[in-house]
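Take a look at the chain shown here. Keep the sequence at hand while you read.

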Amino acid sequence: MIKKTVHAPQVLCEAYDYDKPVPFSRGMRLDIRGVSIMMLSGTASVDERGQTVNVGDLRAQTQRMFHNVTELLKTEGFQWHDVVHTRLYLRDIDRNYQELAEERIEFFKQQNLERLPASTCVEARLCRPELLVEIEVLCVRDSKESG
């Protein structure tokens, strides 16, 4: 088995580089017996300096979140077609779920997904009060397709 940390410094700094460092990797890739698995940590509307962007705007935060995840996927040659599960965390599910669903539908259409990933969405207090949404992602594919 091969383990590799995942980075995308062009869009996200490492969590240990934050003003208040946090000990986690952006993601881990595992190559096991011909299968590549990538698990991405909670990813939100954060920029390459570790700053929250799009404060107060759920739609813009969702779009930046998807952009960050897309860039993380690309670093290892993955794409949204390889995503098998997402777990979303919303600060206020009653207020923002419909907007989030609309943004996800639009984004998945743009990705031309044949199959939508399994998904869970829960209400949660996020690590920063200005964050409205965060996502975790699980990807699986044949290692022969690996980047």
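This report covers helix packing, salt bridges and a surface patch. The model is a predicted one.

**Two helices**

Start with helix H1 (residues 58-75) and helix H2 (residues 93-110). Their axes lie 10 Å apart and form an angle of about 40 degrees. Angles under 35 degrees count as roughly parallel, and 65 to 115 as roughly perpendicular. H1 and H2 are therefore oblique to each other. Their crossing is right-handed.

**Salt bridges**

The structure holds 13 salt bridges.

| Pair | N to O distance |
|---|---|
| Arg-29 and Glu-76 | 3.0 Å |
| Arg-49 and Asp-47 | 2.9 Å |
| Arg-59 and Glu-103 | 2.9 Å |

Arg-59 and Glu-103 meet in a salt bridge. This pair links helix H1, which holds Arg-59, to helix H2, which holds Glu-103. The two residues are 44 residues apart in the chain. Arg-59 is partly exposed, at 27% relative accessibility. Glu-103 is buried, at 11%.

Are Arg-29 and Glu-76 buried or exposed? Both are buried. Salt bridges with shared partners join Arg-29 and Glu-76 with Lys-4 and Asp-31 in one network.

Arg-49 and Asp-47 also meet in a salt bridge. Arg-49 counts as exposed because its relative accessibility is 54%. Asp-47 counts as buried, at 3%.

**A surface patch**

Which residues form a nonpolar patch on the surface? They are Val-35, Val-84 and Val-140. Together they have about 180 Å² of accessible area. Val-140 sits in strand S6 (residues 133-142). Val-140 counts as partly exposed, at 34% relative accessibility.

Methods
Residues are numbered from 1 along each chain as its sequence is written. This is a predicted model: local features need pLDDT of at least 70, side-chain atom pairs count only at pLDDT 80 or more; totals for chains, interfaces and linings use all residues. Side-chain values use heavy atoms; hydrogens and water are left out. Patches are made of residues with over 30% relative accessible area and no salt bridge: like charges are joined within 9 Å, nonpolar side chains (Val, Leu, Ile, Met, Phe, Trp, Tyr) within 5 Å. Accessible areas come from the Shrake-Rupley method with a 1.4 Å probe; for residues, only the protein chains shown count as cover. A salt bridge is a side-chain nitrogen of Lys or Arg within 4 Å of a carboxyl oxygen of Asp or Glu. Helices (H or I, at least four residues) and strands (E, at least two) are DSSP runs, numbered from the N terminus. Buried means under 20% relative accessible area, exposed over 50%, partly exposed in between (1.4 Å probe, protein chains only). Axes are lines fitted to C-alpha atoms, for helices over the stretch in contact, and angles run from 0 to 180 degrees between N-to-C directions. Angles under 35 degrees count as roughly parallel, over 145 as roughly antiparallel, 65 to 115 as roughly perpendicular and the rest as oblique. A crossing is left-handed if the near helix is turned anticlockwise from the far one by less than a right angle, and right-handed if clockwise.
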